[in-house]
Amino acid sequence: MTRARRCGTVFLGVLWIAYAPPCPATAQQPERGVLNAVSFEPLPEGVPVLVRPLDDTDENLAIKEDFKAALAAAGFGVAADDARLVLTFETRENIGAGRAPQPQTTVRLRGREGRMSTSATRHLPKLIEAPRDGTRIYRPSRYRIDATIDDRSEGKRLWQGWAVAGLREHTHLFLAKTMVPAIVDNIGRTVREKPFPLQ
């Protein structure tokens, strides 16, 4: 086998290792969100809760219905209008951006004498043209829902919680279907970095 052919074979082998797909065990790991919550005071028992979005967009109005359904399923009374307890929520998307790592395009090859050398790379075809700098999206954007429960009769905040999940290919409403029940299930509790599955 000629030297140039050996170099080409080694180079293609390095490319295959670098760009091989993840193993099935890693690829099949379930996606998860993270929940945090702080309880300031116990919630009064048997008092219905009014759900109120900070922004009355169509999306938030749909999520409002998710909150009402989750509250009812958890045993909370849901108020239709003025109420002592108010659950206020807001949603937002955090764009994940950052400087992409410097690509490593140098391949070290072993020559006839058994020494490691980079000089042989000039004999190989230029298969990859990679930029050396620039900003790219390499972290997934995240979707977040914040919720608070206030006692309006006493002017006190009783509880606060927030859930975060990676958007990836999901829509806001898809994530909210899982995030909202996770938030409601932890009303009145203090939790830190509690994971929950994304259905």
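Two residues count as being in contact here when they have heavy atoms within 4.5 Å of each other. Keep in mind that this is a predicted model: local features need pLDDT of at least 70, side-chain atom pairs count only at pLDDT 80 or more, and totals for chains, interfaces and linings use all residues. Numbering starts from 1 along each chain as its sequence is written, and side-chain values use heavy atoms, with hydrogens and water left out.

**Confidence**
- The protein chain averages a pLDDT (the predictor's confidence in each residue, from 0 to 100) of 77, and 62% of the residues score at least 70.
- Residues 6–28 have pLDDT below 50, and this stretch has 17 contacts in the model beyond near neighbours in sequence.
- Residues 104–109 also stay under 50, with 18 contacts beyond four places in sequence.

**Aspartate 151**
- You'll find aspartate 151 in strand E8, residues 142–151 (strands, E, are DSSP runs of at least two residues and helices, H or I, of at least four, numbered from the N terminus).
- Aspartate 151 is buried (under 20% relative accessible area, with a 1.4 Å probe and protein chains only), at 3%.
- Setting aside neighbours within four places in sequence, aspartate 151 is in contact with Arg84, Leu85, Lys156 and Leu158.

**The largest nonpolar core**
- This core (buried Ala, Val, Leu, Ile, Met, Phe, Trp, Tyr and Cys residues joined through side-chain atoms within 4.5 Å) has 33 residues, and Phe67 and Leu87 touch the most other members.
- Elements supplying at least two residues each include strand E3 (85–94), E8 and helix H4 (172–185).
- H4 gives the most, with 7 residues.
- Beyond its neighbours within four places in sequence, leucine 87 has contacts that include Val49, Phe67, Leu71 and Ile149.

Note on methods. Buried < 20%, exposed > 50% of the residue type's maximum accessible area, 1.4 Å probe, protein only.
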